[in-house]
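Dear colleague,

I am passing on the structure below, and I would be grateful if you could look it over with the notes that follow it.

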Amino acid sequence: MKTSYNTAVLPNGLRIIHTQSPTSVVYCGYAFDVGTRDEGPDEQGFAHFVEHMLFKGTGKRRAWHILNRMENVGGDLNAFTDKEETVVYSAFLKKDFVRALELLTDIVFCSTFPQHEIDKERGVILEEIESYEDNPAELIFDDFEDILYHGHALGHNILGTPRHIKRFATDRALRFVKRYYHPANAVLFVYGNIHFDRIVRWAERLTADIPRGEANSGRVVPMPCVGGRVEMKRCTHQNHVMIGCAGYPASDQRRTGLYLLNNILGGPGMNSRLNMALREHSGLVYNVESSITSYTDTGVFKIYFGVDAHDVERGVELALGELQRLCERPLSAYNLTAAKKQLIGQVGVASDNFENAAISMAKTYLHYGTCEGTEALFRRIEALAPTELWDIANELFAPTNLTTLIYR
């Protein structure tokens, strides 16, 4: 069935998007157009710290009351920060919709950021940073983007640095929130069996006194760098390798072709070309994967694998060889049909996760003012031609366009 969406814009600028779901569970939240790339030079990690602090007290609730408000009725309360958005949301039974929406509105627009709670949470985030730095398989993704977008905030990692986190205080939190946390810079999303008129009515009631603010419009488009080959010293048992380049923004139609090429190369299927070359045929790695990240004005394609130090060069050679294959030989009609069928099946299975579908809907509407169901994506995949994919491969995967990062 075709997915249909209900949308509205309140007088204060708050955008609302809703779609029905067949279960009694509702996913509801606020998505804000602010992330790591919007931090000032002396604010690294502030977007993530603010997200943590939204649960630590408002004008009428303390942290304990916030944590228990949804827990007491079996619901979940969650949040995350990305490079371009912050999302705060809850999952609950439909009978608790008003309870959830009132709580979410309170914490995202009325948090007070008490200093004693900041002092406690600072230790939690510093421990999170240390844990993250002990995980090279995650750390290498941020180091790679920092090389690719050197000198631009898009290259900063989401957690920030201990030096900046230690400077975070109530006054700085309130200044950051004043810039970005207001209705005109947000989307309220509801994925569930709730009447849309009821959603709009309660949103108007709960946000009526909140100042409109301005939409985020201060982003600078990054200019990607080609780093060639970069090696970093890390105390790890394995060497970790990342190979990649700048990709396409989410609004670029070529992104669908890259999406398919990425799935052929290193998607979740065990029959991906990289998995066959580096694991099944050569026995060099336990895990190899490729992925794409699409931002509003740029994108990243990357290949990652961990490998024994003696096999690094062989692993790099094999990975580059698979990229070169796509540049030299267009896919046959048979292989293209099989690749399309696999990707459409994977997207269909993934879209059955209602939480992921709700968040994807919110982020798309937040950045692009529109939303489409999986049916439109299926049509774009089906329409891809071999020459189109060949052109994308030759544009992106040329050796001079690739950056290789190795943790030794």
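A contact here means heavy atoms within 4.5 Å. On that basis, residues 24 or more positions apart account for 82% of the contacts in the protein chain with a separation of 6 or more.

Please bear in mind that this is a predicted model, in which local features need pLDDT of at least 70 and side-chain atom pairs count only at pLDDT 80 or more, while totals for chains, interfaces and linings use all residues. Residues are numbered from 1 along each chain as its sequence is written, and side-chain values use heavy atoms, with hydrogens and water left out.

The secondary structure of the protein chain comes to 15 helices and 11 strands, taken as DSSP runs numbered from the N terminus (helices H or I, at least four residues; strands E, at least two). The radius of gyration, taken over C-alpha atoms, is 22 Å, close to the 22 Å that the globule rule (2.2 Å times the number of residues to the power 0.38) gives for 408 residues, so the chain is as compact as a globular protein of that length. Along the principal axes, the C-alpha atoms fill a box of roughly 60 × 50 × 35 Å.

Of the 408 residues, 53% count as buried, where buried means under 20% relative accessible area, exposed over 50%, and partly exposed in between (1.4 Å probe, protein chains only). In helix α10 (residues 273-280), the buried residues are Arg273, Leu274, Asn275, Ala277 and Leu278, and what covers them includes α9 (254-266), β9 (288-294), β10 (299-307) and α11 (312-328). Lys341, by contrast, lies in helix α12 (residues 333-350) and is exposed, with a relative accessible area of 64%; Lys341 and Ile381 are 40 residues apart in sequence and 9.1 Å apart in space, C-alpha to C-alpha.

A search of the whole structure finds one cavity of 30 Å³ or more, a cavity being a set of points, on a 1 Å grid over the protein atoms alone, where a 1.4 Å probe fits but cannot get out, with lining residues having an atom within 4 Å of a point. The largest cavity has a volume of about 40 Å³, the volume being the space filled by probe spheres set on the points, which are joined across faces, edges and corners. Its lining consists of Leu261, Leu326, Arg329, Pro330, Leu331, Pro386, Leu389 and Trp390, and helix α15 (residues 386-396) gives the most to that lining, with three residues.

With kind regards

Definitions and conventions: On a 1 Å grid over the protein atoms alone, a cavity is a set of points where a 1.4 Å probe fits but cannot get out, and a pocket is an open set with protein on both sides within 12 Å along at least five of seven lines; lining residues have an atom within 4 Å of a point.
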